[in-house]
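Please look over the chain below. The report that follows takes it region by region.

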Amino acid sequence: MEAVSLNEFRACRDLELFFRRLRLTPFFHGKESSPPTDDPFSRLQRTPSSWNPPRGQFPALELFINNCRRDINRLNFSTPLSHSNLSPSERTAIESLRKNPDWVIKPADKGGAVVVRNADLYKAEATRQLSDTSSYLSLDHDPTDEHQATISSTITDFINSGSLPSQASNLIVPQPRMARFYLLSKIHKPD
């Protein structure tokens, strides 16, 4: 297994964000949220809050957070992690399977399972689905930029005419990506 290096600053920052979420949960538990608004665009432009609940309100939680900080401070971030829960032979078998072009390894449709499937069968199923002209159309170019320009100009025109509020500009995705086609294998429960 290859060694994983830890970034001490990133780990500490992530932990502090996690601790904040831990404190926010009990602080707001059971409290009414702000009343819903009729304006669907009011939720588009949110300014992230950095507010932290007062400390000490939940002693057990503060004890947990302090213990986490103590344990993190004991870590040596300059030493790469190299622990694996796999034996060397299991690791070799997985690497061999992963590099074998005759097999496709994908997540299942549910349950977090992993499916190992014959590559020829996977490609045949992909071809079968993509050949369905009622669902898919073959294009000679990527239309993403054209669609983006149309959407952007339409939203901008509606904002300029007053038909949409200025917050609607958040509907415009700055760097759109073309969708990717992939298959998820169905997992059936054994009888």
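Where is His 147 found? His 147 is found in helix H5. The model discussed here is predicted.

## Overall layout

The protein chain has five helices and two strands. In sequence order the pattern is α-α-α-β-β-α-α. Of the 191 residues in the protein chain, 14% are buried.

Contacts can also be sorted by sequence separation. Taking those between residues at least 6 apart in sequence, 64% join residues at least 24 apart.

## Helix H1

Helix H1 covers residues 8–28. With 21 residues at 1.5 Å a residue, H1 should span 30 Å.

Which residues of H1 are buried? They are Leu 15, Phe 19, Arg 20, Arg 23, Leu 24 and Phe 27. Two of the names on that list are arginines, Arg 20 and Arg 23. The buried residues of H1 pack against helix H2, residues 59–73. After H1 comes Gly 30, with a positive phi near 80 degrees.

## Aromatic residues around Phe 27

How many aromatic pairs does the structure hold? It holds five. Phe 27 and Phe 28 have ring centres 5.0 Å apart and planes at 85 degrees, so this pair is edge-to-face. Planes over 60 degrees apart count as edge-to-face. Phe 27 and Phe 28 also form one aromatic cluster with Trp 51.

Phe 27 has a relative accessible area of 17%, so Phe 27 is buried. Phe 28 has 42% relative accessibility and therefore counts as partly exposed. The cut-off for buried is under 20%.

Lys 31 lies over the face of Phe 27, at 3.9 Å from the ring centre.

The loop between H1 and H2 contains Gln 57. At 42% relative accessibility, Gln 57 counts as partly exposed. Gln 57 and Phe 27 are 30 residues apart in sequence, yet their C-alpha atoms are 8.3 Å apart in space.

## Cysteines

How many disulfides does a search of the whole structure find? The search finds zero. Two cysteines can be described by their accessibility. Cys 12 has 30% relative accessibility, so Cys 12 counts as partly exposed. Cys 68, at 19% relative accessibility, counts as buried.

## Helix H5

Helix H5 has 18 residues. From first C-alpha to last, H5 reaches 26 Å, close to the 26 Å expected at 1.5 Å a residue. The buried residues of H5 are Thr 144, Gln 148 and Ile 155. Seen down the axis of H5, these buried residues fall within an arc of 45 degrees, so they line one face of the helix.

Which exposed residues does the face turned away from the buried side of H5 carry? That face carries Asp 157, Asn 160 and Ser 161. Just after H5, Gly 162 takes a positive phi of about 85 degrees.

## H5 and the segment after it

Gln 148 lies in H5. Its relative accessible area is 17%, so Gln 148 is buried. What is Gln 148 in contact with, leaving aside its neighbours within four places in sequence? The contacts are Ile 172, Val 173 and Pro 176.

Val 173 is found in the segment after H5. With a relative accessible area of 43%, Val 173 is partly exposed. Val 173 and Ser 152 are 21 residues apart along the chain, and their C-alpha atoms are separated by 8.4 Å.

The C-alpha atoms of His 147 and Pro 176 are 9.6 Å apart, across 29 residues in sequence. Is His 147 buried or partly exposed? His 147 is partly exposed, with a relative accessible area of 47%.

Definitions and conventions. Residues are numbered from 1 along each chain as its sequence is written. This is a predicted model: local features need pLDDT of at least 70, side-chain atom pairs count only at pLDDT 80 or more; totals for chains, interfaces and linings use all residues. Side-chain values use heavy atoms; hydrogens and water are left out. Helices (H or I, at least four residues) and strands (E, at least two) are DSSP runs, numbered from the N terminus. The expected span of a helix is 1.5 Å times one less than its number of residues. Buried means under 20% relative accessible area, exposed over 50%, partly exposed in between (1.4 Å probe, protein chains only). Contact means heavy atoms within 4.5 Å. Rings of Phe, Tyr and Trp (its six-membered ring) pair if their centres lie within 6.5 Å; planes under 30 degrees apart count as stacked, over 60 as edge-to-face and the rest as tilted. A charge sits over a ring if NZ of Lys or CZ of Arg is within 6 Å of the ring centre and within 35 degrees of the ring normal. A disulfide is a pair of cysteine sulfur atoms within 2.5 Å. The arc is that of the directions from the helix axis to the C-beta atoms.
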